[in-house]
Amino acid sequence: MSQVLMPKATAVWLVENTTLTFDQISAFTGLHPLEIQAIADGEVAGGMTGYDPTTNGQLTKEEIKRAEADSNARLKLSPRDVPMPQARSKGPRYTPVAKRQDRPDAIAWLLKTHPELQDSQVAKLVGSTKSTVQSVKDRTHWNMQNLRQRDPVTLGLCTLKDLNDAVDRARRKAAREDAARKKGMADQGHVEEVVEEAGLDPAEADQPDLAER
């Protein structure tokens, strides 16, 4: 059986939009049934945008209905006549001229839907600049009154994989920063507790004892 494109994002879509069992989704995507259950419980892939397998020719709606009617049935991947896309080498993202006017709309959507993304990430996803992202964020963009939030994946400005990867990186960074902040607060609380137990004035805790000189 051919490999499913973006198995985790596909599993998210199937969990949210079908009545297929965890085992059926697991067999189709290659993910473990417990991971499928974790996705359904919101413990895994939180915030990830699902990838509709019916829009890219991996599945048909009839095939999904057939499997929904029989919990023992297994989904069959549709044959693909289109060659797999070649990996793009690293470098600046090229945006076709016809789509460049859509970038501010995509930026507005990203800022609203994924506020955890950094400006540099938003700019990279849609092939824009940080200054343009900032102008949309602070509503000083020259065409602000005509902007409407639109999904950059639907507009063809980035792939769903790129978007999910960027969101995942941003959330992991935010989690690390939050953990460091809590650790700093805990350490500060420990110092204040020691000072309090010693009966010292916190303002004088670090001052030298002049009486001993």
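Helices are DSSP runs (H or I, at least four residues), numbered from the N terminus.

Good morning. The structure before you is a predicted model, in which local features need pLDDT of at least 70 and side-chain atom pairs count only at pLDDT 80 or more, while totals for chains, interfaces and linings use all residues. Residues are numbered from 1 along each chain as its sequence is written, and side-chain values use heavy atoms, with hydrogens and water left out.

I begin with two pairs of helices. Two packed helices are described by the angle between their axes and by the distance between those axes. The axes are lines fitted to C-alpha atoms over the stretch in contact, and the angles run from 0 to 180 degrees between N-to-C directions.

Please find helix α2, residues 22–29, and helix α3, residues 33–40. Their axes come within 8 Å and cross at roughly 115°. Which residues of α2 and α3 meet? From α2 they are F22, D23, I25, S26 and T29, and from α3 they are P33, I36, Q37 and A40. This contact divides into 5 nonpolar, 3 polar and 1 charged residues. Here Ala, Val, Leu, Ile, Met, Phe, Trp, Tyr, Cys and Pro count as nonpolar, Asp, Glu, Lys and Arg as charged, and the others, Gly among them, as polar.

The second pair is helix α6, residues 103–113, with helix α8, residues 130–137; here the axes come within 10 Å and cross at roughly 65°. P104, I107, A108 and L111 of α6 meet T132, V133, V136 and K137 of α8. In this contact there are 6 nonpolar residues, 1 polar and 1 charged.

I turn now to helix α4, residues 61–69, where E63 lies. Is E63 buried or exposed? With a relative accessibility of 12%, E63 counts as buried, since buried means under 20% relative accessible area and exposed over 50%, with partly exposed in between (1.4 Å probe, protein chains only).

E63 touches R74, L75 and K76, if we leave aside residues up to four places away in sequence. The C-alpha atoms of E63 and K76 are 7.3 Å apart, although 13 residues separate the two along the chain.

Within α4, E63, I64 and A67 are buried. They lie on the same side of α4 because they cover an arc of only 100° around the axis, the arc being that of the directions from the helix axis to the C-beta atoms. The covering of these buried residues includes α1 (7–17) and α2. On the face turned away from the buried side, α4 carries the exposed residues K61, E62, K65 and A69.

Notes
Helices (H or I, at least four residues) and strands (E, at least two) are DSSP runs, numbered from the N terminus. Contact means heavy atoms within 4.5 Å.
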